[in-house]
Amino acid sequence: MVNTAEVRFGEGKVISIETGKIAKQADGAVMVRCGGSVVLSTVTAERKNRTDIDFFPLNVDYREKAYAAGKIPGGYFKREGRPTDKETLTARLIDRPIRPLFQEGFRCSTHIVNLVLSHDQVHEPDLLAVLGSSAALMISDIPFIGPVSPVRIGRIDGKLVAYPTCDELERSDLNLTVVSSESAIVMVEGGACGLPESVIVDALRFAFEQAQALNACQRDLQAKVGKTKRIIELPPVVQLMKDNVPSDPSSFFSDQDERFLEAIQNPDKMEVSTRLGELKEEMKSNFDLDDPESLSTFSLLFKDTEKRVARNLILREKRRNDGRALDEIRPISIDIDLLPATHGSALFTRGQTQALATLTLGTTLDEQKIDDLEGESFKSFMLHYNFPPFSVGEVGFLRGPGRREIGHGTLAERAILPILPKEEDFPYTVRIVSDIMESNGSSSMASVCGATLCLMDGGVPIKSPVAGIAMGLITEGDQYVILSDISGLEDHLGDMDFKVAGTTDGITAIQMDIKLTGFRFEILEEALEQARKGRLHILNKMMDVIDRSKPELKPHAPRIYLMKINPEKIATVIGPGGKMIRSLTAETGANIEIEDDGSIKIFSANLECLQMAVERIKAITEEAEIGRDYTGTVRRIEPYGAFIEILPGTDGLLHVSRMAYYRVENVTDEMNLGDKVLVRVTEIDSMGKIKLSREELMREGKVQGKKPEEEKKPDSDRPRRPPRRDDNRRPHRSSFSRRRD
């Protein structure tokens, strides 16, 4: 039986959830629709609860089918391949809010699959997948403590808009995705164009209110078709008997708080890890942990004790394990211009977190081509994040980027994007790589700081520096503590991971994951204000080293010259079959890109080669000007004059009457084919025909003509004879002019 529920947003926006038609063998399956965009969300979980692991084995996938937008996949195989970055990021967007909401102790392998079946190019399918995943879990028998609902918030002309369309997002200065339960916000992710904290808080309140209609819709659907939830029993505590050791390991751990406290109170991450490792091995010797279930239970108890001790230190004693105050930022050191061959470099170190950021500049040929459901597009700014195993003292393999690397890189990229110059002011393709050299919390925000520094070091004219900070929250009842610049230990034990990046004026990127079932907006406002102060502190440290972009690019960085030509001259620059542009590229070594509107980008790593290419193109595309002199080549001779090529592809007529101040009987008396002659443009008619002259140039002495040898001297040069009385008589007629008798 098919059941449907729907919610309306504003004018004409309807989101519907349907179940009972497709994928009925999954534990839960729904189709979510908005306009012409449709997503199928399914969830399946194994029946056996695993006790040999100490984590929840959840796998979330999101895939966009090319047929959803009426396309055939590219490539040799013509079928969908490995997930794109967008698909990976959307899978993370689904995973993060729902993972903490499964019943404690649930260890059944679970798989959530979202397939985009239709995309109308108007309504984004990513949030439909988040909604569908929650709805499928709600109607299944899987013990999920939901529902949760996503809302995207835009801001157009100062007004907040829920579920903006793709076109509306183009005009928005805010793109914020908020996932909310019935009692609290559980996840926030998005970017802004330097908006103040108060606007972000208003947007979060608005999003929470809008999400409740979708939560109620899921509840209604669950009441109609929902299955009875599975009963999951927590694994029994291992019963082990040894001399002088309590049979219950949990009671044994409760007596070890002082030893845990001693182990974690150290600012050095590796030292803390070593002490805890030694303590764990010592405690393991008190038990016979021969089976995987016993080992898993022991590990869970050890982690819970570590977490409880560290949280109590913060909540009750207002102290952190590394000795810092609650709002204190770790020591910061900065080095710029570190790598001589890069186009910009910076090493940003905050405590035991260190990011090496490098800048590379390229042309439009280096842009990233993206072919997805929205169509083909090009990306001129990329920020890539790498997290090698040595950064945390581990042994591993260097493979392609995983979900975490892609997610952290995208967050940092979102933070930097609003401060980059416009393309017409800085027409480069920009790539930043952040390689994490050390990590002890908030390496993504260190990447934001490092990226800003390497941009300024490389001479990129950014609008304003950006810094990032990671915040934490510890709560117990009505008591709470907000932490600035959290370390790795505080990240794991806290109730909120809150990353904020921005300028001195406002926020450019935000990401928040909340593990609480209830959350007060007053705490969020306080956390944002504390984050603002910490961000300004970091920005001041950065600007003490470099406060603005360097005035010039690095000497070895590529140069780009922009010029505009008459679109009718494009064919001249390209030449027959591309002959001219290939010749220019070969002779100058520069890369030349021509747009249909006549815009030309000339790119070269060598300034002299760049200038040579510019001059050549200017000469090729130059247009004749009235009154200007040109040295041209005689291309054609006619009885009435000569056609002179004064510019490449541009001819003008030098009429025989304008070749000299004296009479020219034959054009060839003055010039021949292939001769170089100096001429002046005297007229360009409405048809673009050019008229030339040499007469004025001869009188000015710039050109020497070819006079006949027997030509008589002008009257002014003849000697004067004495006047005669009959000089005033009428001239004598010749015999040919006499009147006949």
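Visitor: Why is Cys-166 called buried?

Guide: Its relative accessible area is 15%. Buried means under 20%, exposed over 50%, and partly exposed in between, with a 1.4 Å probe and protein chains only. So Cys-166 counts as buried. A word on the source: this is a predicted model, where local features need pLDDT of at least 70, side-chain atom pairs count only at pLDDT 80 or more, and totals for chains, interfaces and linings use all residues. Residues are numbered from 1 along each chain as its sequence is written, and side-chain values use heavy atoms, with hydrogens and water left out.

Visitor: What makes Cys-108 buried?

Guide: Its relative accessible area is 1%. The buried label therefore applies to Cys-108.

Visitor: How many disulfides are there?

Guide: The count is 0. A disulfide is a pair of cysteine sulfur atoms within 2.5 Å. For Cys-166, the nearest cysteine sulfur belongs to Cys-34 and is 10 Å away, so by the 2.5 Å rule Cys-166 is in no disulfide.

Visitor: Which strands stand at the edges of the open sheet of 8 strands?

Guide: The order is S8-S7-S9-S10-S21-S20-S18-S19, with antiparallel pairing. Strand S8 (159-162) and strand S19 (479-484) each have a single partner strand, so one side of each is left without a neighbour in the sheet. From one strand to the next, the twist averages 15 degrees.

Visitor: How do you know that S9 and S10 pair?

Guide: Two strands pair if DSSP finds at least two bridges between them. Strands S9 (residues 174-180) and S10 (residues 185-195) are joined by 7 bridges and run antiparallel. Strands (E, at least two residues) and helices (H or I, at least four) are DSSP runs, numbered from the N terminus. Thr-177 stands opposite Glu-189 in S10.

Visitor: What makes H1 largely enclosed by the rest of the structure?

Guide: Of its 14 residues, 11 are buried, so the rest of the structure largely encloses H1. Among them are Leu-93, Ile-94, Asp-95 and Arg-96.

Methods. Axes are lines fitted to C-alpha atoms, for helices over the stretch in contact, and angles run from 0 to 180 degrees between N-to-C directions.
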